[in-house]
Amino acid sequence: MSASVDFQEAGYATERPLLEIKDLAIGFTTSNGEVNAVRNARLTVMPGETVAIVGESGSGKSTTALAAIGLLPGNGRVTTGQILFDGEDISNASEKRMIELRGNSIGMVPQDPMSNLNPVWKIGDQVRETLKANGLPSGPDDVAKVLSQAGLPDAGSRAKQYPHEFSGGMRQRALIAIGLACQPRLLIADEPTSALDVTVQRQILDHLDKMTTELGTAVLLITHDLGLAAERADQVVVMYRGQVVESGPSLELLQNPQHPYTQRLVASAPSLASRRIQAAKELGVETDDMLAPGETGVVEPAKSDDVLQIQNLRKVFKLRSGLGKSTDFTAVDDISFNVKRGTTTAIVGESGSGKSTVAQMVLNLLTPTSGKIIFDGVDTSTLNSKELFAFRRRVQPIFQDPYGSLDPMYNIFRTIEEPLRTHRIGDKASREKKVRELLDQVALPQSTMQRYPNELSGGQRQRVAIARALALDPEVIICDEAVSALDVLVQAQVLNLLAELQSRLGLTYLFITHDLAVVRQIADRVCVMEKGKLVETGSTDDVFESPQQDYTRALLNAIPGAGLMLPPEMDVA
Amino acid sequence: MTPDYTTTARHSDSRRPARRTEHFVADVSETPLQVTDRVKDEAAPLSLWGEAWKNLRKQPLFLISAFLILVVVAVSVFPGFFSQIDPTSEACQLANSDAGPAAGHPLGFTQQGCDVYARVIFGTRSSVTVGLFTTIGVLLIGGILGAVAGYYGGWIDSVLARINDIFFALPLILGAIVMMQLPMFRTNKTVWTLVLILVIFGWPQIARITRGAVIEVRNADFVTAARSLGVSKFGALMRHVMPNSLAPIIVVATISLGTFIVAESTLSFLGIGLPPSVMSWGNDIQAAQASLRSNPMPLLYPAIALSITVLSFIMLGDALRDALDPKARKR
């Protein structure tokens with residue numbers, strides 16, 4: 001209590017913080033000895049306030065929150081510091097006391113809606129369990145009430161369904177219902193929407209906002225997205241490598257970041273960066289330096305034709321439904337677009353929109369049901385095996401999951417050399433020289449050659465994947481969610497690298513993504529896909545400034561931080 | 001959109017008391033900014049196998065079992081180095097029948113007057129040979145069929161899976177009894193006959209494990225990446241899918257090596273395995289049965305040797321499983 005007095009202005013009664021974390025340190029005992037996951041963590045949540053913890057993976061944000069609800073994994077413990085909940089130190093409270101607090105004083109909404117509901121229990125039973133555990137009335141009506149408050153329509157019958165009958169968004173609503181069932185005073189929401197599509201994310205967060213405001217619940221929101229944090233929270237706490245580096249009112253923090261890490265984060269967060277570009281456009285400020293491409297040594301592509309022409313492309317999958325029968329599922333429905341040489345075209349859509357199927361067909365790994373893909377004037381479906389082998393040299397993919405796209409048994413040299421060896425290019429010495437050049441191009445030290453993928457971070461692996469894709473000097477690179485799995489700062493680095501490579505080598509990118517914010521930074525043209533259909537296509541500026549379709553507008557509005565206005569000029573060291 | 005630098009209603013919520021939140025900035029010297037995504041180049045490069053070996057080296061379970069297996073293998077390759085006594089029936093003297101330990105004969109004698117220690121030592125070879133070569137045969141057949149079924153899928157998978165099920169459903173002992181009575185095997189039993197029969201009934205397990213491991217790997221992005229580089233379908237199987245499927249196969253193969261040795265002894269004990277002329281633990285246990293009440297020692301020692309050998313292979317398999325488990329490695 002006393003700690004908060006010095007920044008309380010006179011005139012307001014001294015209010016007791018609901019949750020106060022002071023100098024918290026959390027250690028994990030592992031086979032490699034004691035590891036300090038969190039040091040000097042400090043944050044204050046006042047009653048009814050929303051506080052967001054922002055940080056990249058491994059920054060200790062989830063660990064801090066789990067400590068507050070006493071759910072650290074078995075090998076973790078609070079080594080020093082205090083966690084005060086309503087004045088009571090719960091950092092080393094007994095399990096009995098924590099069980100009393102959980103549910104009706106501190107609620108939790110976990111991250112992954114797919115794995116956090118018990119698949120063999122009906123939704124209603126899972127809500128009832130929570131109510132019962134906290135000694136609240138738990139009749140069918142009470143359960144239905146809790147569910148309908150969380151925004152589930154037709155809650156009475158929904159309660160009788162199993163989790164697999166729910167969509168991702170509905171499951172997250174059910175989890176929110178469970179988290180808020182006992183009207184806790186503090187709700188810990190750990191990345192509650194990171195597994196969901198952006199439009200669903202927005203709905204869920206809006207609803208969570210509404211509910212917690214009505215109930216007066218304080219929220220501790222954990223997220224990796226600074227834009228989302230700033231939009232949803234009163235106060236933002238930035239964590240970096242287990243330490244709190246900056247905290248303060250969200251807008252102030254965004255407009256005037258003090259710590260170098262926060263400054264970088266503000267500069268790199270795609271949602272914010274895309275907002276800045278937009279703001280600058282509206283104010284008529286020149287934005288070339290904000291867009292990714294570097295200007296040195298720009299190589300004009302030899303030709304400026306349409307390197308890829310997609311014409312009336314369709315892909316129908318047969319889904320087995322019972323004996324001998326099958327139903328058709330149209331994944332890609334009659335889409336046409338052209339990709340101009342040396343530019344970046346983004347295909348944007350939510351999960352199930354068919355965007356990755358398009359990528360697979362362009363890569364000639366899937367055969368279209370009908371329609372044509374014309375690469376450099378040749379229909380790719382007519383290629384014989386020898387021509388296909390040659391085609392593979394010219395079109396290369398980069399995949400989403402940096403942990404899955406490199407063979408764990410191959411060291412980096414072998415990984416990057418494989419395309420050269422497969423296509424019998426050069427001898428051993430010249431191939432090694434080429435691998436070194438490629439590593440230089442993707443800004444990895446040459447000593448990386450002897451390492452294995454498991455020794456590299458996600459961003460580094462993605463660089464290796466880029467180097468492998470570049471080994472055959474391709475003309476077109478298909479990036480399938482190539483930066484989606486990366487932390488914000490690493491994502492920014494990789495996007496810059498891609499842009500730089502494009503201007504240096506005259507590459508053409510087909511960029512598949514769900515993230516419009518990233519599109520704003522990198523793409524020249526955008527194709528928006530919804531349920532297999534192309535709903536809108538146009539230049540990035542046109543689509544962002546005057547979207548023609550409702551769906552595109554919904555997607556644009558769903559970029560976190562859409563309501564924030566940021567100063568367009570960000571001077572970041 | 002109005003370019004004022006405020007946000008939506010949420011931040012000017014009039015119902016809440018106006019609070020001032022401290023703007024805290026940590027001391028930069030205490031929280032230094034590190035280079036984003038720096039490559040750690042202190043440690044020596046380490047492959048997955050290298051890492052598994054590093055973990056294994058520290059495990060007592062692995063060290064003990066590996067030591068025991070080395071001893072067993074050494075005994076089976078150079079039995080003469082461990083015992084100079086001729087254990088064959090011709091050299092046995094009935095005068096020594098069921099005698100206790102004597103100088104130079106630490107474990108006593110069998111009913112036939114043979115040296116028990118020498119018989120245990122010389123019987124090692126046939127057990128280890130059967131275990132080792134059965135495992136190799138099972139790995140070849142089961143591995144190839146399982147990999148093909150898992151990788152190509154479709155009707156190949158369906159056909160192979162049914163064949164697999166048929167062999168899986170046949171009990172080993174029953175199958176071996178029937179097979180051994182076939183005219184071609186009845187008169188002409190050797191170690192290799194036994195290996196052949198054990199392979200015929202042992203491959204389905206490895207085939208299943210291989211199929212599962214291959215299915216898990218075949219859809220990985222790195223396989224798709226290799227395919228889109230122009231690597232052929234079969235090339236991707238050999239170069240990427242198989243090496244990444246090996247870990248569970250090695251674990252199961254190690255454990256089943258132990259069980260094949262047991263199977264050899266069981267069949268020999270039942271009199272349908274190795275012919276009595278071949279020295280083996282199973283035959284010795286069977287022979288010692290007759291004098292079990294008066295002199296249990298000739299039965300006990302080959303049984304102990306058998307148990308230790310089998311146990312070491314199973315322990316080695318467990319240790320390998322711990323070291324190669326991909327989930328344990330994802331840190």
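**Packing in the predicted two-chain model**

Leaving aside neighbours within four places in sequence, A:Ile176 is in contact with A:Val109, A:Ala150 and A:Leu208; two residues count as in contact if their C-beta atoms, placed from the backbone, lie within 7 Å. This is a predicted model, in which local features need pLDDT of at least 70, side-chain atom pairs count only at pLDDT 80 or more, and totals for chains, interfaces and linings use all residues. Residues are numbered from 1 along each chain as its sequence is written, while chains are lettered from A and ligands numbered from 1 in the order in which they are written.

A:Ile176 belongs to helix α7 of chain A, residues 168-180. Helices (H or I, at least four residues) and strands (E, at least two) are DSSP runs, numbered from the N terminus. A:Ile176 is buried, because 27 other C-beta atoms lie within 10 Å. The cut-offs are 20 or more other C-beta atoms within 10 Å for buried, 12 or fewer for exposed, and in between for partly exposed, with C-beta atoms placed from the backbone. A:Pro192 is 16 residues from A:Ile176 along the chain, and their C-alpha atoms are separated by 8.7 Å.

Chain A as a whole has 21 helices and 20 strands. Of its 573 residues, 50% count as buried. Among contacts in chain A with a separation of 6 or more, 70% join residues 24 or more positions apart.

One sheet in chain A was examined strand by strand. It is an open sheet of four strands in the order β2-β1-β4-β5, with antiparallel pairing. β2 (33-45) and β5 (88-89) of chain A stand at the edges, each with a single partner strand, so one side of each has no neighbour in the sheet. Helix α2 of chain A (residues 61-68) packs on the sheet and touches β1, β2 and β4 (76-85) of chain A. The direction of α2 makes about 110 degrees with that of β1(A). Angles run from 0 to 180 degrees between N-to-C directions, and axes are lines fitted to C-alpha atoms, for helices over the stretch in contact.

Strand pairing requires at least two DSSP bridges between the strands. Strand β1 of chain A (residues 19-30) pairs with β2(A) in the antiparallel sense over nine bridges. β1(A) also pairs with β4(A), again antiparallel, over eight bridges. A:Leu19 stands opposite A:Val45 in β2(A). In β4(A), the bridge partner of A:Leu19 is A:Phe85. A:Phe85 in turn has A:Glu88 as its bridge partner in β5(A). The antiparallel pairing of β4(A) and β5(A) covers two bridges. Their hairpin has two residues between the strands, and A:Asp86 there takes a positive phi near 50 degrees.

Chain B is built from 13 helices and one strand. From the N terminus on, its elements run β-α-α-α-α-α-α-α-α-α-α-α-α-α. Of the 331 residues of chain B, 38% count as buried. Residues 24 or more positions apart account for 71% of its contacts with a separation of 6 or more.

Two helices of chain B were followed in detail. Helix α4 (residues 116-152) and helix α10 (residues 233-269) of chain B pack at an angle of about 145 degrees, with their axes 8 Å apart. The crossing of α4(B) and α10(B) is right-handed; a crossing is right-handed if the near helix is turned clockwise from the far one by less than a right angle, and left-handed if anticlockwise. Residues of α4(B) in the contact include B:Val130, B:Leu139 and B:Tyr151, and those of α10(B) include B:Met242, B:Phe260 and B:Ile261. The contact residues divide into 13 nonpolar, seven polar and one charged. Here Ala, Val, Leu, Ile, Met, Phe, Trp, Tyr, Cys and Pro count as nonpolar, Asp, Glu, Lys and Arg as charged, and the others, Gly among them, as polar.

B:Val310 lies in helix α12 of chain B, residues 297-324. B:Val310 is buried, because 20 other C-beta atoms lie within 10 Å. Not counting residues up to four places away in sequence, B:Val310 touches B:Gly258, B:Ile261 and B:Val262. B:Val310 and B:Gly258 are 52 residues apart in sequence and 4.4 Å apart in space, C-alpha to C-alpha.

The mean pLDDT of chain B is 82, and 88% of its residues reach 70 or more; pLDDT is the predictor's confidence in each residue, from 0 to 100. Over residues 1-16 of chain B, pLDDT stays under 50. The predictor gives the complex an ipTM of 0.76 and a pTM of 0.79.
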